[in-house]
Amino acid sequence: MLKCSLHIHTTEEPYHVLFYNAHELIDEAKKHNFDVLAFTSHDFLFFPKEITDYATKKDIILLPGIEKKIEKKHVVIINATPETENINNFKDLQNYKTKNPNTFIFAAHPYYPGSTNYKNLLKENLKSFDAIELCHYYTKNFFNYNKKAEQLAKKEGKHMIATSDVHIFDQLNKSYILLNCEKNPQQILKALKKGNYQNISNPLSPFDFFKISMGVLVITQIPSHIKQIYYRMFPKRRKKGIIYRENIANFAKQNRGATSSKIPKKTKNAKLPARNQKKGPKKPR
Ligand SMILES: [Zn+2]
Ligand SMILES: [Zn+2]
């Protein structure tokens, strides 16, 4: 089984200032025996060759990912391509999904409070999503905004996917999935699409809940806004994206079938493994 974490932020992204960079996150993930990771920066495809090479050295597969803000909601796209830049609304998302059948798309923290709460938008656009996030940020008794997502998933036959929306290391090993497939990008994408994985997620203890709440609040909020102002003043600092574009193209070429080619419409006996959704977590932005 492959241990995977598919919703991770690092300090390289324009939006956040975090206490670790991508190299350090990979080192930390290695300590916890992760096999597959995806950096999912806010509206920013962060996939430099230097980082994918580093992950490869550590025997970790890195998938290109992004957390897109669409109509104010957060959407995680795994195996994302540069065309994600053109997605501005849910109609665009559906078109993107149709054209890129091997991407894996899930609704991030859909019912957590705030402007990112999907309200009816998730139900209305459900066919644009492969799964719904089971966010690590929840407790057993007093804080759980995953319940509504779990009800919807159950009713509509969608898979939940456990993630940790990592902003601090304490979150990394809290919720993740175990994928049942060979360790290569094609098989990983296929297994994700088929829901061939197990969610591993437990409620946070009150202590962890407090620690993570404080950590995420302090680290992300204030410095992040300063960083955004900085990028607004020096927009060229973001142009490294061009390099990432090349690396994503290389990734696509090397993993034919993981990206451009079509996933067979019907997988024989597409019997989906039971979703082991434990309680749902919630997530910070
Ligand atoms: Zn996130
Ligand atoms: Zn988010």
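Visitor: Leaving aside neighbours within four places in sequence, which residues is Leu 37 in contact with?
Guide: Ser 5, Ile 8, Ala 29, Ala 55, Ile 60 and Leu 62. In contact means that the C-beta atoms, placed from the backbone, lie within 7 Å.

Visitor: What should I know about the model and numbering?
Guide: The model is predicted: local features need pLDDT of at least 70, side-chain atom pairs count only at pLDDT 80 or more, and totals for chains, interfaces and linings use all residues. Residues are numbered from 1 along each chain as its sequence is written, with chains lettered from A and ligands numbered from 1 in the order in which they are written.

Visitor: OK, helices. Which residues of α5 are buried?
Guide: Ala 149, Glu 150 and Ala 153, in a helix spanning residues 147-156. These buried residues fall within an arc of 100 degrees seen down the axis of α5, so they line one face of the helix. The arc is that of the directions from the helix axis to the C-beta atoms. Buried means 20 or more other C-beta atoms within 10 Å of the residue's own, and exposed means 12 or fewer. Helices are DSSP runs of H or I with at least four residues, and strands are E runs of at least two.

Visitor: And which are exposed on the other side?
Guide: Gln 151 and Lys 155.

Visitor: What covers the buried residues of α5?
Guide: The cover includes β6 and β7.

Visitor: How do those two strands pair?
Guide: In the parallel sense, over 5 bridges; DSSP must find at least two bridges for strands to count as paired. Cys 135 has Thr 163 in β7 as its bridge partner.

Note on methods:
Contact = placed C-beta atoms within 7 Å.
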